[in-house]
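Here's a quick tour for anyone meeting this structure for the first time. Have a look at it, then read on.

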Amino acid sequence: MQTSFTAEQLRDPAIAASNQVLRTCVHCGFCTATCPTFVLLGDELDSPRGRIYLIKDMLESGRPATGDVARHVDRCLSCLSCMTTCPSGVHYMHLVDHARTVIEETFRRPWHDRMLRALLAAVLPYPGRMRAALAAARLGRPFAALVPGSTTLGRRLRAMLALAPRGQMPRSTLDGVRTHPAEGTRRARVALLAGCAQRVLDPGINDATIRLLTRLGVEVVVARGAGCCGALTHHMGRHAPAMASARANIDAWTREIEGDGLDAIVVNTSGCGTTLKDYGFMFRTGEAALRERAERVASLVADISEFLVRIGYAPTREPPGLTVAYHAACSLQHGQRVTEAPKLLLRKAGFRVVEPAEGHLCCGSAGTYNLLQPEIATRLRDRKLQNIRTTAPDLIAAGNIGCLTQLAGGGLPTVHTVALLDWMAGGPAPAGLKPAPPATGTR
Amino acid sequence: MIAQPAPKQEVLARRDAIVAGLRRLLPESGVIAEPIRLRPYETDGLAAYRQPPLAVALPETTEQVAAVLRFLHEEGVRIIPRGAGTSLSGGALPMADAVVVGLMRLNRILAIDYADRCATVQAGVTNIGITQAVQGTGFFYAPDPSSQLACMIGGNVGMNSGGAHCLRYGVTANNLLGLKIVTVSGEIIDIGGAHLDAAGYDWLGLLTGSEGQLAVVTEVTVRILRGPEGARAMLAAFRANEVAGACVDAIISSGIIPVALEFMDRPAIHACEAFAHAGYPLDAEAMLIIEVEGSPAEQDFLLSRIREICERHDPISLKVSQSAEESAAIWKGRKGAFGAVGRISPDYLCMDGTIPTGRLPEVLRRIGEMSERYGLKVANIFHAGDGNLHPLIMFDANDPDSFARAERFGADVLRLCVEVGGCLTGEHGVGVEKRDLMDAQFTPTDLAQQRRIKDAFDPLWLLNPSKVFPLVETLKQAA
């Protein structure tokens, strides 16, 4: 597609990268059909092709972002379904990330929008603050219905309260900075991204990952200094804090790589995995040494399902006789193109795996999207749950905490894939499922 | 850049009143009038031509379409109907004084009748959406344009779209039973129905392929078919375009009609393989995708006959797909071919001429010669069995000279198609792209008679007026 940047504009590396992305697009329109917001809203402006056009116009003109551009870019889930569909190989993720940064820098949002975004950026990446906020939200939950008004603010407040956990908040048994030694002979040594929001919302996911990996002979280190991957702020266009989070992780894991060595950096939250795998791009214009470290870290990142396929997984329990609806998280299927590994592992573990229709469509979670765009998020969740129910499963499995939270409360247990794999390999039954079948040794 | 008629100044002057009138008829989100938000509607799948419209209207029902058209007709405002905006001939290119009427929100499947094998859907349902709605029961909707993932059935009717499998099943016109249309003055009319061949004139035939110039289609009743017992695709690789072209002619003239017979040349093979990982032969100059269907015995018989014919053309390799996944990858590459060319060139013009298959080797050779003369690369991807060519002329839109050469090159290709006894467009429609070449195909008398049909449906020439007919004539009509 034609672009009209000046030579001076193209000296900005961010503009130069976006120009490359725009030149790859041939405006064929294939992406519109698989975009969740276009399917729901039926407006070119809420499709990837329309957003690409709006972003192109904003960047070329060099003018501050307007409310119109912000509205349509904000409605993008960053689910990256368009990237799976695109025959031309347009890197939409890098373009929309750039646009979000420009919008954040040049557009002044309404006060309540700014406050909410500041709050989310200040709380979600920090487990201590997140835990306190959830406890408060749990107390506030019964009053959700009393939040007045059909304003954006009112809808968003209700959406936040609705996401607060219902029961007692669980605590991890294995949490914290430390090295978990392998059982038996050590076959590999990996760093685990312990994460931020996930370890508060469902600490059992990290526990299951550590139990399963150490049982398989993998030493698991939760490195000092590693924390949020940066995705939450990155997707809000907050460039500096995102880069700081990424930098901290790169430093922490580089110490491990150069110390006892790492065979992989394992991620069990696919939203984070997509960002970790992009560290090389994020630091492409930095000094050479940092760029190389970022690339090395990115090259070691593997989703837990990818890593388990690589080292081999086998269950030790009898098949549980359960049907699992596998929900493909967008960050896993579109962001990382990991599509077969989770299903392969679940089948190997003895589950009957079914795949709901419209599997390419986002469930509406999308990081902080369900808090910032509750209406579209709720329509997508209901559509997703309807498609899942049609497959008559016993439970839903997914590889991303955002999806699990979004789909909880739909009448079916939602369980992380790794928790099911750990269960069938000798771990405890995930909360909400029946007790484990007896162990029978390796099948 | 293609010439557009001068905008009507009295319409531009009443812009605010027209927008306000639309807002009275549609929900808030259904009217777009801010300059920044109009930009993404300035073009379609032919992005070289661009013109922001006066406004965009997004109705949600046939009644809203009728109300919008009635209003715009009374106001004398030009109307550009738009589906998914995937046209490769600029069929949805706006005009400065026109309102784009987008049908994307009419996206519901209304009725499926398996006993009588038909389905009624709204105009904004995607082509593949029809097949997806019925495939669980073993049915499909046959015409399959490469953009079937995104393109909408209303647009398919407007352009009488084809596709790879139309060699066997026919194009849109052959699979259509009924239409609900809105006339330019806002009347809602039903044509045909859930039965074969209506009484009276063949209105369906007239409206199909009328490029949004006679009426706006809001509902479509199509024939659905029971899927075949099975299908298998063969990849045949050759040393030269002309050899593959001769092989196509040999297959067709032997009396075999495969379900699809597709041609790709070297640049296309490489671009598509990078996208689809289908195992295309990267050492070939040209490749044919030949698909047969039916019972396993039928498939074996047809494939062995086709293999014999291919072997007479000194193939580099012949490979039959061994699994459903492999076939899916082969078709993913072919259907994504135009977009995939975006990997090797920032822009392209996609031609759509049709020629007698016997002339394939000669025409491919002459396109190759033109490519050298104009200094522009070409990727050839097309429905070879129908003789429906799609040379993609690669250019760089940031270089005005290369675009000008591409336009002249394209016109030469289409004149060549007419010269050898073919026509300007097989399935993409005339649109704005081939408008000025129509007098290479038709006499002034032919065109005058065709324009009288347009006059009868739309005396003021408000519906998609700057397309199909050479502009001089259109302007005369509009004045």
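Two residues count as being in contact here if their C-beta atoms, placed from the backbone, lie within 7 Å. Keep in mind that this is a predicted model.

**Where the chains meet**
- On that basis, chain B puts 33 residues into the contact and chain A puts in 28.
- Sorted by class, the side of chain B that touches chain A has 15 nonpolar, 12 polar and six charged residues.

**A helix in chain B**
- Helix H17 of chain B runs over residues 444–457, which makes 14 residues.
- From first C-alpha to last, H17(B) reaches 21 Å, close to the 20 Å expected at 1.5 Å a residue.
- H17(B) is hardly covered, with one buried residue among its 14.

**Two glutamates with a positive phi**
- Most residues other than glycine have a negative phi.
- A:Glu358 isn't a glycine, yet has a positive phi of about 55 degrees.
- You'll find A:Glu358 in the loop between strand E7 (352–354) and helix H22 (369–372) of chain A.
- A:Glu358 counts as partly exposed because it has 15 C-beta neighbours inside 10 Å.
- B:Glu211 also has a positive phi of about 55 degrees without being a glycine.
- B:Glu211 sits in the loop between helix H8 (203–207) and strand E10 (216–223) of chain B.
- With 23 other C-beta atoms within 10 Å, B:Glu211 is buried, since the cut-off for that is 20 or more.

Conventions: Residues numbered from 1 in each chain as written. Chains lettered and ligands numbered in written order. Predicted model: local features only at pLDDT ≥ 70, side-chain atom pairs only at ≥ 80, totals over all residues. Nonpolar A, V, L, I, M, F, W, Y, C, P; charged D, E, K, R; others polar. Helix = DSSP H or I, 4+ residues; strand = E, 2+ residues; numbered from the N terminus. Expected span 1.5 Å × (residues − 1). Buried ≥ 20, exposed ≤ 12 C-beta atoms within 10 Å, placed from the backbone.
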